[in-house]
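Visitor: I have a model open on my screen and would like to learn how to read it. Could you walk me through it?

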Amino acid sequence: MLAVIGIIVGVAVGLLLEPTLPVFLEPYLPIAIVAALDAILGAARSHLEGVFSDKVFAVSFISNVLIAGLIVFVGDQIGVGAQLSTGVVVVLGIRIFNNAAAIRRKIFHA
Amino acid sequence: MPEEPTPRRGLPTESEADQTPEPEDVAQPEAAPANPVPEPPPGARGRIMAFLRPGKGQLVVAVVLALTAMLVVLTLRSQAAAPDYSNLRRAELVQLLDNLAAETRRLEAEVRDLQTTRDELASGAEGAQVAEEEAQRRLDQLQIIAGTVPVEGPGIRIMVQDPENKVSPELLLDALEELRDAGAEVVEFNDSVRVVASTWLALDAQGRVVADDVVLEAPIMIEAIGDPATLEAGARFRGGLVSEIEGPRVGGTVEIDQLEEIAISSVVVAEENEFALPN
């Protein structure tokens, strides 16, 4: 229940308060979202496998987002930001598909 | 596509998942024993209990989901806010800029054209309005001169009592000329004959005075619009209307009223000219 409330609160905060992020953070938002999706799917998978831990979830979420942002940031600094962000998206996308496949097997046994 | 590993089922998938450097998956085996998940008792009842009485784990999940949802909303908002040119190539950007510059020039030219048109229309409308006012002024003037509209204004009313019926057309014509000389703009006889350029005065077979085919019955009333004092002076001067009628030859009486407002309602219907044509 808290999870549902969390989503609603997040959407509401984003819509109503319109918090303005610093401009230099904006390019990293999409990457951060992909990383967050990956962490959430990983958590769902571990929950289905019975090894879910909230601590691991929180840490992995934060570190995923931070590392993804850091990689793109470094890439921007050395002039290969576009390529590195593509790489990050590809890697995270593969992991998302992996996690999704595992979840699918757990749920549908297929 | 990650559908490739589907042929391998069960265990191979687990090992493959372990090989990938996934933070949560790597850490999971360590954390799981140390911090045993407060897994609710299996079954529908347990799930409902967990749903109604959330624990710390759900709180963490909620916070993380809230963060993610906020990020997604922010990103969608910023993506929708501005068209994104960042992923366009240089050539495309140059072309875009060229298009914008051409469009700007075209629109500026259009603005100039429209401004010119607007100025022309404004001056034209002004001129048309002036011309219309002038035309209306001339129309009013000519209508009054031609006697085709009722008029009103200050003036005098002259009542001529003529017991012996000795008032002649010549006398009335003289009086009319004197009134005109005194500035009468509109003159009317007996509330029925509007005096205009073509008005004539004569005697009929019975010796009565006729103006424009209308017999002027006594008492004859002459109404004139103009400056009342001047008009009365024009009627009263020695040898004028009053002295002629009150003299021994006619033996009548004249009564002159200066009025602030005289309404002259009789009009002349302009007839089509048969012979005279504008040059």
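Visitor: How many bridges join β2(B) to β3(B), and do these strands run parallel or antiparallel?

Guide: Before we start, please keep in mind that this is a predicted model. As for the general idea, strands of a sheet pair through backbone hydrogen bonds, either parallel or antiparallel. Here β2(B) and β3(B) run antiparallel, and three bridges join them. One place to look is B:F189, whose bridge partner in β3(B) is B:V193.

Visitor: What happens between the two strands of that hairpin?

Guide: The hairpin of β2(B) and β3(B) has three residues between its strands, and B:N190 takes a positive phi near 50 degrees there.

Visitor: Which strand does β2 of chain B meet through four bridges?

Guide: That is β7 of chain B, residues 220–225, which runs antiparallel to β2, residues 186–189. You can follow the pairing residue by residue: B:V187 stands opposite B:A224, and B:F189 has B:I222 as its bridge partner in β7(B).

Visitor: In what order do the strands of the open sheet come?

Guide: Five strands of chain B make up this open sheet, in the order β3-β2-β7-β1-β8, with antiparallel pairing. The edges are taken by β3 (193–195) and β8 (253–264) of chain B; each has a single partner strand, so one side of each is left without a neighbour in the sheet. On average, neighbouring strands are turned by 20 degrees against each other, direction ignored.

Visitor: Which helix packs on the sheet?

Guide: Look for α6 of chain B, residues 169–181, which touches β1, β2, β3 and β7 of that chain. The direction of α6 makes about 20 degrees with that of β7(B).

Visitor: Which way do the residues of β2(B) point, and are they buried or exposed?

Guide: B:V186 and B:E188 point one way, while B:V187 and B:F189 point the other way. All four of these residues are buried.

Visitor: Which residues have the most contacts inside the largest nonpolar core?

Guide: The general idea is that in soluble globular proteins, nonpolar side chains tend to be buried together. In this model, the largest nonpolar core has 30 residues, and those with the most contacts inside it are B:I158, B:L172, B:L179, B:F189, B:L216 and B:I222. Helix α6(B) supplies the largest share of this core, five residues. For a close look, pick B:L216: leaving aside neighbours within four places in sequence, its contacts include B:L172, B:F189, B:V193 and B:L201. Another core, of 24 residues, lies apart from the largest one, and A:Y28, A:A43, A:F61 and A:V65 are among its members.

Visitor: How many helices and strands does chain A have?

Guide: Chain A has four helices and zero strands, so its pattern along the sequence reads α-α-α-α. Of its 110 residues, 41% are buried. Among contacts in chain A between residues at least 6 apart in sequence, 71% join residues at least 24 apart. Chain A exposes about 5,800 Å², with carbon and sulfur atoms supplying 79% of that area.

Visitor: Where is A:I62 placed?

Guide: A:I62 sits in helix α3 of chain A, residues 54–78. With a relative accessible area of 48%, A:I62 is partly exposed, because that class runs between 20% and 50%. A:A39 is 23 residues away from A:I62 in sequence, and their C-alpha atoms are 8.7 Å apart.

How values were computed:
Residues are numbered from 1 along each chain as its sequence is written. Chains are lettered from A and ligands numbered from 1 in the order in which they are written. This is a predicted model: local features need pLDDT of at least 70, side-chain atom pairs count only at pLDDT 80 or more; totals for chains, interfaces and linings use all residues. Side-chain values use heavy atoms; hydrogens and water are left out. Two strands pair if DSSP finds at least two bridges between them. Axes are lines fitted to C-alpha atoms, for helices over the stretch in contact, and angles run from 0 to 180 degrees between N-to-C directions. Contact means heavy atoms within 4.5 Å. Buried means under 20% relative accessible area, exposed over 50%, partly exposed in between (1.4 Å probe, protein chains only). Accessible areas come from the Shrake-Rupley method with a 1.4 Å probe; for residues, only the protein chains shown count as cover. A nonpolar core is a set of buried Ala, Val, Leu, Ile, Met, Phe, Trp, Tyr and Cys residues joined through side-chain atoms within 4.5 Å.
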